[in-house]
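Biologist: I would like to learn how to read a structure like this. Where do we start?

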Amino acid sequence: STPLYSSAASDVYKRQLLVFLKQKLEKNPDQSIVIAADEKVKYGAVISLMDLLKQNEFNKVGLLLKPE
């Protein structure tokens with residue numbers, strides 16, 4: 001599947017992602033954002049995404065963890 005975010009994403013793409021998420025949360029404000037990343041994704045990319053979301057006042061953000 002195509003990822004919704006990449007740490008190398010352009011500013012335009014990041015803005016599009018934020019608009020998409022805001023639209024989704026307007027319909028369901030209690031919805032949480034869950035980030036799922038496989039082991040190939042660098043830790044910094046996940047932190048960068050979480051920081052972007054926090055800066056834009058998305059407060060219900062979590063990580064999806066797979067049991068080993």
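Modeller: The expected span of a helix is 1.5 Å times one less than its number of residues. Keep in mind that this is a predicted model. Now take α2. Its 13 residues should span 18 Å, and its end C-alpha atoms are 18 Å apart, so the two values agree.

Biologist: How do I read the sides of a helix?

Modeller: Start with the turn. An α-helix has 3.6 residues a turn, so residues three or four places apart point the same way. Then mark what is buried, meaning under 20% relative accessible area. In α2 that gives A45, V46, L49, L52 and L53. Seen down the axis of α2, these buried residues fall within an arc of 125 degrees, so they line one face of the helix. The face turned away from the buried side of α2 carries exposed Y43, K54 and Q55.

Biologist: Which residues of α1 are buried?

Modeller: K14, L17, L18, L21 and L25 are the buried residues in α1. Their arc around the axis is only 100 degrees, which puts them on the same side of α1. E26 and K27 are exposed, on the face of α1 turned away from its buried side.

Biologist: What do the buried residues of α1 pack against?

Modeller: Against β1 (33-35) and α2 (43-55). For the buried residues of α2, the cover includes α1, β1 and β2.

Biologist: How should I read a nonpolar core?

Modeller: In soluble globular proteins, nonpolar side chains tend to be buried together. Here the largest nonpolar core has eleven residues: L17, L18, L21, L25, I33, I35, V46, L49, L52, L53 and F58. At least two residues of this core come from each of α1, β1 and α2. Leaving aside neighbours within four places in sequence, V46 is in contact with I35, A37, V41 and L63.

Biologist: How much of the protein is buried?

Modeller: Of its 68 residues, 22% count as buried. The protein exposes about 5,700 Å², and carbon and sulfur atoms supply 53% of that area.

Biologist: What about the strands? Which residues does G62 touch?

Modeller: G62 lies in strand β2. Not counting residues up to four places away in sequence, G62 touches I33, V34 and I35. The C-alpha atoms of G62 and I35 are separated by 6.1 Å, although the two are 27 residues apart along the chain. G62 counts as partly exposed because its relative accessibility is 24%.

Biologist: And charges?

Modeller: Side chains of opposite charge can pair when their charged atoms come close. The structure holds one salt bridge. In it, the side chains of K60 and D30 meet at 3.9 Å, N to O. This pair links distant parts of the chain, 30 residues apart: K60 is in the loop between α2 and β2 (61-63), D30 in the loop between α1 and β1.

Biologist: Is D30 buried or exposed?

Modeller: D30 counts as exposed, because its relative accessibility is 60%. K60, at 42%, counts as partly exposed.

Biologist: How do I read contacts over the whole chain?

Modeller: Look at sequence separation. Among contacts between residues at least 6 apart in sequence, 60% join residues at least 24 apart.

Note on methods: Residues are numbered from 1 along each chain as its sequence is written. This is a predicted model: local features need pLDDT of at least 70, side-chain atom pairs count only at pLDDT 80 or more; totals for chains, interfaces and linings use all residues. Side-chain values use heavy atoms; hydrogens and water are left out. Buried means under 20% relative accessible area, exposed over 50%, partly exposed in between (1.4 Å probe, protein chains only). Helices (H or I, at least four residues) and strands (E, at least two) are DSSP runs, numbered from the N terminus. The arc is that of the directions from the helix axis to the C-beta atoms. Contact means heavy atoms within 4.5 Å. A nonpolar core is a set of buried Ala, Val, Leu, Ile, Met, Phe, Trp, Tyr and Cys residues joined through side-chain atoms within 4.5 Å. Accessible areas come from the Shrake-Rupley method with a 1.4 Å probe; for residues, only the protein chains shown count as cover. A salt bridge is a side-chain nitrogen of Lys or Arg within 4 Å of a carboxyl oxygen of Asp or Glu.
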